[in-house]
Each structure stands twice: as structure tokens, then as C-alpha cells.
Amino acid sequence: MALTHNFLLFCSLFPFFVIPSLSKTSFRPKALVLPVSKDASSLQYVTLMNQRTPLVPVKLTLDLGGQFQWVDCEEGYVSSSYKPVRCTSAQCALARSKSCVNECYSSPRPGCNNNTCSVLPDNTVTSTATSGDVGQDAVSIQSTDGSNPGRVASVNKLIFACSETRFLEGLANGVKGMAGFGRTKISLPSQFSAAFSLDRKFAICLTSSASNAKGVVFFGDGPYVLLPGIDASKLLIYTPLILNPVSTASAYFEGEPSSDYFIGVKSIKINGKAVPLNTSLLSIDRIQGTGGTKISTVNPYTVMETTIYKAVIATFVKELALVPRVASVAPFGPCFNSTNIGSTRVGPPVPQIDLVLQSSKVSWTIFGANSMVQVKSDVMCLGFVDGGLNPRTSIVIGGYQLENNLLQFDIATSRLGFSSSLLFRQTTCANFNFTSNNV
């Protein structure tokens, strides 16, 4: 017990030390790359990873704040390289496991092994959690020089959690689990960084379902090159990432920091005019973990606390007074007749929305391409959603507002780099060249 206690203390003091026994290939890639696409039906962002022995392509819903990767092990998980993570092991401590499984009464298989540590995977789409064994297995992923994918890199003992098939409810068709990118020691970015000694950074660049094209995820530092030869890493503006000291996941992690990524929105402007807000809602309550602004790839649209939402739409509607309103289309509020709304390089010419960050000179600007949703041939709606009174988080920046914006999450320095719309630069997140050049 003393040894386990000392190890847990060491983990808490040095949260990003190299993960034990995370075997890898001998070559060291500069960075890694994954494709990501938007499922038109569920509006989820889905990536594809090769896992197991022999390798099998596994579709996963990308969960930016997810604590780790979890997959369905109940139906058809066959792998000669799968290993359960034993209780009191170093890997078990990294997974923050608080329980040990000794109730598997069938033949051992992935997801059912005794003397195995257990965690609670979160299905953040349906806001549910279940118990799941922790295991390790082989994963392969392509390297990149920032411009093209190159040779394959392998991790032989990636830590993940198993779930039951029923827990897939609510996920996109064909998806077998979720890829967690959150602020934990066993999220995918943390494990890849540790395995290959990469910079503790990753970047996401999401596309819309309308484009029917692949966006991209980078693990490691830039360049992040998009056709026609634009290094998007040079376009970034930076703002601090804020640690929420209270977990926003299941009660299982009560008393632990949130794995979500929060930023410090100080105010909101529309067409340069300040939106009247209760600014106390924009700060995180350090005791309760409520309030603040987080970024999510699971929420399809930005969600705002009711009073913030009402103030934003009132100001937006006033600034767009010359465009006729039409009946609302769920889940949105204000909708407009788009017949006479034109188009620009950055979408419909509607009032721009600025999320003002650490100073008046640093703003995340949302243009029409990321604010207006075409719901019918002649109807556009403001793509924000009312989150009700007293939500856990005051503003959740959703996937639609992230599309065609490059976001770099620098874990080492705890800062976010954001490009605002890449459409201004005459490129998109669909413009990474996935043709291999064998770097």
C-alpha cells in the first residue's frame, strides 16, 4: 500500500512524466496526423484509428474534453496483443482508477478480466457513464512532416478503456467508441506525446459535413500546412487555457480537475458593440467548477446560458434589422429569410461576433460562415442554442463555430492558439494533403 501511495503522489506532482511500458517503433516522427470527418446525420466529428493485432480500422467520435479513448469490447473485439491493466500497476494509477474488477465469471477476454483496474468511460453525447476495464493494445498512426502523411508509427501498449455495446447509443453510425483528447495523463495526445517525445501540443482543424471532405488532427508542433502551401501555425493568436479545478465529468472524478479546455472570455461584441452581460457568469467558480467558457467537439453548436443567449440574440437581431425574420427552426432561435443575403469569402455578410479574451486587442472573431446555419433553401438561423438557466458551464463553444478554424492546444504552456476563419486566407481545413510522401 505504501508503494502505491508513493506512486500516486509522484503522479500528482509530475503529471506528464513518460508513461511506463508504452512501447513504440524505433523511429521518432516529427508529428502525427489523423483524418477527421463530420457525420452529416449526428453532426459528430469522427476519426479513424488502426488498433489491435491484426490491425483493424476503428471509427471513433472525437471528444475534445474526453478523458481517454474507450471502445466497445463486447462485440467482436479480437486481438492477440490486448493486455488487461492489472490492479495497483503504474498504468492503473495513470488511469486514476478507483476500483478493481474481480467479478468476471466468463473466460477472460477484452473487457472481462479479473484483477483488472476499472474506470468510468463517459459517453458525453448522451451524458451517461458506465464501468469499463482498462486495457492496453497496439495502435498505428501515420507520421507527418506537417505537409503530408509519412510512414506509419506504432504504439504497442496504448492505454484505453472497454465499454459495453449498449453504451454506443447516441454515437454516429458505425462508431465503436470515443477518442478522448482531454487534459489527462492517458488521453490520446498525452500518450502519443509520451511515446514519441513529441512537443506536448496538438491541433484540430474541422470541416463541415456539407464539404464531404476530411479535416485533420495533428499531434505535435507545426508546421501545419494546408493547400496551397499555407502554414496555418503561423496564423495563430494565443490566449491562456484555464484549468477548471473541479471535474465536469461524472461524479466518479469528484474532487479532481476537469479534463475540458476552458478559455477566458471577458465580454462579447457584435459589430463592435458590447453585449450587456452579467460578466460574473463568464468566470469559473473555483469551488463549484461552474461558469466559464469551454470548447467542445461534442456539442454541435455553441450553447449559452439563457441570459447570455438572450442578450446575444437581441443585439444580433438589432444589428441585422434590415433582413426579414421568419419562424424559428429548432433548435435555433432567430431565423431569417436568406433570399437577399449575399455571400462573402467568410460566409453570409452578417454582423461579426467577437469573443473578447484577455484584452480588448485579443478576440476570437466569428464570421457568417460559423454563425449562420442554412436550414432551408431560403432560411438561415443564428447557430447558437439556449442552454437554460444555471447550466454547469455558461458558454460551450460548439463544433459548428470551430469549423475551418485551426486550434492548437499547447499543454506545456497551457495556451490555445486560434486562427479565426481560414476562409480569409483562401484555404480550409479540408486542404491538408493526405497523399503520402513517405517522410
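Reader: Are C335 and C381 buried or exposed in this structure?

Author: C335 is buried and C381 is buried as well, where buried stands for under 20% relative accessible area, exposed for over 50%, and partly exposed for what falls in between (1.4 Å probe, protein chains only). The model is a predicted one, in which local features need pLDDT of at least 70, side-chain atom pairs count only at pLDDT 80 or more, and totals for chains, interfaces and linings use all residues. Residues are numbered from 1 along each chain as its sequence is written, and side-chain values use heavy atoms, with hydrogens and water left out.

Reader: What makes C335 and C381 a disulfide?

Author: Their sulfur atoms are 2.0 Å apart, and a disulfide is a pair of cysteine sulfur atoms within 2.5 Å, so the pair qualifies. The angle about the S-S bond is 100°, and the link of C335 and C381 is right-handed. C335 sits in strand β24 (residues 335–337) and C381 in strand β28 (residues 379–382), so that distant parts of the chain, 46 residues apart, are linked, a strand being a DSSP run of E with at least two residues, numbered from the N terminus.

Reader: Why is C73 called buried, and why C162?

Author: C73 has a relative accessible area of 3%, which is below the cut-off and therefore counts as buried, while C162, at 2% relative accessibility, falls under that cut-off too and is therefore buried.

Reader: What does the link of C73 and C162 tie together?

Author: The two form a disulfide with sulfur atoms 2.0 Å apart, left-handed at -70° about the S-S bond. Because C73 lies in the loop between β4 (70–72) and β5 (83–84) and C162 in strand β11 (residues 149–163), the pair ties together parts that are 89 residues apart in sequence.

Reader: How many disulfides does the structure hold, and what is their pairing?

Author: There are 5 disulfides, and with the bonded cysteines of the protein numbered in sequence order the pairing is 1-6, 2-3, 4-5, 7-10, 8-9.

Reader: Why does L357 count as buried, and which residues does L357 touch?

Author: L357 has 1% relative accessibility, which is under the limit and therefore buried. L357 is found in the loop between β25 (353–356) and β26 (363–366). Leaving aside residues up to four places away in sequence, L357 touches T239, I263, G264, V265, K266, V362, S363, W364 and F418, contact meaning heavy atoms within 4.5 Å.

Conventions: Helix = DSSP H or I, 4+ residues; strand = E, 2+ residues; numbered from the N terminus.
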